[in-house]
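This report covers helix packing and a metal site in one model. Have the structure open while reading.

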Amino acid sequence: MAQHFLLSAAAKSLSLASVFTMKDEQAETTFRRVRWADTNGEPVCPHCGGVDAYDCRRLKGAPRFRCRACVKDFTITSGTLFASHKLPLRCYLAAIAIFCNEVKGKSALALSRDLNVSYKCAFVLLHKLREAMAAELKGRMIGGEGKVAEVDAGYFGGYVKPANLKNHRVDRRFYENQSHKRKAVIVIRERNGNTLPAVFRTEGQALKFIQSRIAKGTIVNADESPNWNELHSRFEMKRINHEEAYSLDGACTNWAEEFFSRMRRAEIGHHHHIAGAYLLRYAQEASWREDNRRTSNGEQVNRITMLAMRQKPSVDFSGYWQRHVNGG
Ligand SMILES: [Zn+2]
């Protein structure tokens, strides 16, 4: 039997130990190379684009640059997802390495213990990393002429706990006894290719999205749910009835199921509750992890760092701290 990828030497190109023994300057150099790849790590002013800046470090050692053209100061992370960061850069690299090594996801509580930071700090940091991952999914099209894709849905959130005493229990199959917070995560996945998730209230509401994100000429596999019938008018379809088999005559949704397996394990094993406002981000994380499951951890860390440095300040968490202070 072939060796599992995660057991191979190729999977391990970066260790947490090496991050923690890094000097501050080494972490800075790493971030500079990723941020300013075109100039081989030489600072580029985010205000005017000037490439002539000098080191203008603060008294306590915090790295700053001053642009000779516009005389404005900036840092390595100015204008990126990690703008106004409070932790040393080494901590961010460590957080990304820990995040990548936990292939089913990392809980914010566990990360807060690993890095000795507050739960809120770990929570925001992890969501920023998810935001960076999601940047790669923007506008993604799945499939193409002769390619095979799979569509499937999974439901998350809205769990109603049964009452302790039998007399108090309700029939949770009835609409009025449900919480109405359940949402459908829809996934489109190309076999041997990329994944694209989205969140809707129902499977039916996802049809337009699915049609717009699968390229013409793709052969689409789906299960027996009548919600997918409408896709027949647009794509060559293969349906699989899971009551009869999981895979028959080449029809299956096993690639899509693998995505849900990873997401379900993240929900049950790490996060316990991934419904609500951040459900899409968790789905995007699971999708990124699926697509990069055969990439070494060093490359994954590089990729996420690069995505974070190319990403503008967080859309999800801009002003998050202030909002919290104001009680909003
Ligand atoms: Zn400038």
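H4 passes H5 in a right-handed crossing in this predicted model. H4 covers residues 108-115, and H5 covers residues 119-135. Their axes lie 8 Å apart, at an angle of about 115 degrees. An angle of 65 to 115 degrees counts as roughly perpendicular, so H4 and H5 are roughly perpendicular to each other. On the H4 side, the contact is made by Ala108, Leu109, Leu111 and Ser112. H5 brings Tyr119, Ala122, Phe123, Leu125 and Leu126. By class, this contact of H4 with H5 has 8 nonpolar residues, 1 polar residue and no charged residues.

H4 also packs with H3, residues 89-101. The axes of H3 and H4 come within 11 Å and cross at roughly 135 degrees. H3 and H4 are therefore oblique to each other. Their crossing is right-handed. Cys91, Ala94, Ala95 and Ile98 of H3 meet Leu111, Asp114 and Leu115 of H4. The contact of H3 with H4 divides into 6 nonpolar residues, no polar residues and 1 charged residue.

The crossing of H2 and H9 is right-handed. Phe31, Val34 and Arg35 of H2 meet Thr305, Met306 and Met309 of H9. By class, the contact of H2 with H9 has 4 nonpolar residues, 1 polar residue and 1 charged residue.

The table sets out the axis values for these pairs.

| Helix pair | Axis angle | Axis distance |
|---|---|---|
| H4 and H5 | about 115 degrees | 8 Å |
| H3 and H4 | roughly 135 degrees | within 11 Å |

Now the metal site. Which residues are the protein donors of the zinc ion? They are Cys45, Cys48, Cys67 and Cys70, each through SG. These donors lie 2.3 to 2.4 Å from the zinc ion. In sequence, the donor residues are spaced C-x2-C-x18-C-x2-C. The site links distant parts of the chain: Cys45 and Cys67 are 22 residues apart. Cys45 sits in the loop between helix H2 (24-35) and strand E1 (53-55). Cys67 belongs to strand E2, residues 65-67.

Why is the arrangement around the zinc ion tetrahedral? The 4 donor atoms subtend angles of 101 to 116 degrees. Four donors count as tetrahedral if all angles lie between 85 and 135 degrees, so the arrangement around the zinc ion is tetrahedral.

Definitions and conventions. Residues numbered from 1 in each chain as written. Predicted model: local features only at pLDDT ≥ 70, side-chain atom pairs only at ≥ 80, totals over all residues. Heavy atoms only, no water. Axes fitted to C-alpha atoms, helices over the stretch in contact; angles between N-to-C directions. Helix = DSSP H or I, 4+ residues; strand = E, 2+ residues; numbered from the N terminus. Parallel < 35°, antiparallel > 145°, perpendicular 65-115°, else oblique. Left-handed = near helix turned anticlockwise from the far one by under 90°. Contact = heavy atoms within 4.5 Å. Nonpolar A, V, L, I, M, F, W, Y, C, P; charged D, E, K, R; others polar. Donors = N, O, S within 2.8 Å, 3.2 Å for Na, K, Ca; no water. Tetrahedral: all angles 85-135°; square planar, octahedral: opposite > 155°, others 65-115°.
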